[in-house]
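Please take a moment with the sequence and the fold shown here before reading on. The paragraphs after it are meant for someone meeting this structure for the first time.

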Amino acid sequence: MTVLIALCVPHDQRDQAKAAGAVFDGAEKCWKAHVDRLVALLPFVPYRFRPDRKPPYLRPWMVPQSLWGRNLRALLSKEDWDRIRKDAYARAGSRCRVCGGRGPKWPVEADEGWHYDDTTRVQTLKGVIALCPDCHAVRHWGKTTSAGKQDEALAWMMEVNGWTHAEASRCADDAMRQWHERSGYNDWRCDISWATTQYGVTPIQTGEAIAQDRNQSFVQKAREEYGSQSGNVSYIQHLLYE
């Protein structure tokens, strides 16, 4: 049985992909490659299929509470944010960089990748990539959990990583514990110099105020939602009422 992998090929690099062995699937409108030809096509191969990577290819990345709402959408002008996110889509050929898939309503969404220094408590932007809605839901585990869709996201994490239910659950629990620890501090700072350097953008003057307003709104919604529930106490509820 021939196994073909969907690739993330930018429009302006289709000739390079073809020369390296990729073939165009007209029905699905994407470039694909035989599983045995992926080494020659590594820049275009979704993470879960790259022979030089090991799982987890996908896991939750939860933002500390004091940083909720503080992102490029808030800190930059709409025009600058649109340029950055659309560039991420184009670089991935409008396919998910993790799994190679696409969403049913819209193909991909922009996901900001952050590094957290737990000593200095600095959140540093490392890049923006394209993710399908399913992969994006795993990354934004807190939002997904609050929407009651954690079972679907957990199943997708199992599928992408080749994990058992226990392995995926343990990863999600670890992410929640880490979020809880980091959210115990209110002095986190946000560094978006990657965006200013890569794209020459400048944060808007009202960005900090917008981020702060969104943070307060998200925290209030969490208080209202988790404060009205009984039974097992969630990490979010425990943090808000400890």
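What follows goes from a sheet to a helix lying across it, and then to another helix and its neighbours.

This is a predicted model, in which local features need pLDDT of at least 70 and side-chain atom pairs count only at pLDDT 80 or more, while totals for chains, interfaces and linings use all residues. Residues are numbered from 1 along each chain as its sequence is written, and side-chain values use heavy atoms, with hydrogens and water left out.

The sheet is open and mixed in its pairing, with 3 strands in the order S4-S5-S6; strands are DSSP runs of E with at least two residues, helices are runs of H or I with at least four, and both are numbered from the N terminus, and two strands pair if DSSP finds at least two bridges between them. Its edges are strand S4 (109-117) and strand S6 (189-191), each of which pairs on one side only. Strand S5 (residues 122-131) pairs with S6 in the parallel sense over 3 bridges, and Val122 stands opposite Arg189 in S6.

Across S4 and S5 lies helix H3 (residues 78-91), running at about 55° to S5, where axes are lines fitted to C-alpha atoms, for helices over the stretch in contact, and angles run from 0 to 180 degrees between N-to-C directions. The buried residues of H3 are Asp80, Trp81, Asp82, Ile84, Ala88 and Tyr89, buried meaning under 20% relative accessible area and exposed over 50%, with partly exposed in between (1.4 Å probe, protein chains only). What covers them includes helix H2 (72-75), S4, S5 and helix H8 (193-199), with contact taken as heavy atoms within 4.5 Å. H3 is followed by Gly93, which has a positive phi near 65°.

The other helix to follow is H6, whose buried residues are Ala153, Leu154, Met157, Val160 and Asn161. These cover an arc of only 130° around the axis, which puts them on the same side of H6; the arc is that of the directions from the helix axis to the C-beta atoms. They pack against helix H4 (133-139), helix H5 (141-146) and helix H7 (165-182), whereas Asp151 and Glu152, on the other side of H6, are exposed.

The axes of H6 and H7 come within 9 Å and cross at roughly 115°. Leu154, Met157 and Met158 of H6 make this contact with His165, Ala168, Ser169, Cys171 and Ala172 of H7. Just after H6, Gly162 takes a positive phi of about 70°.
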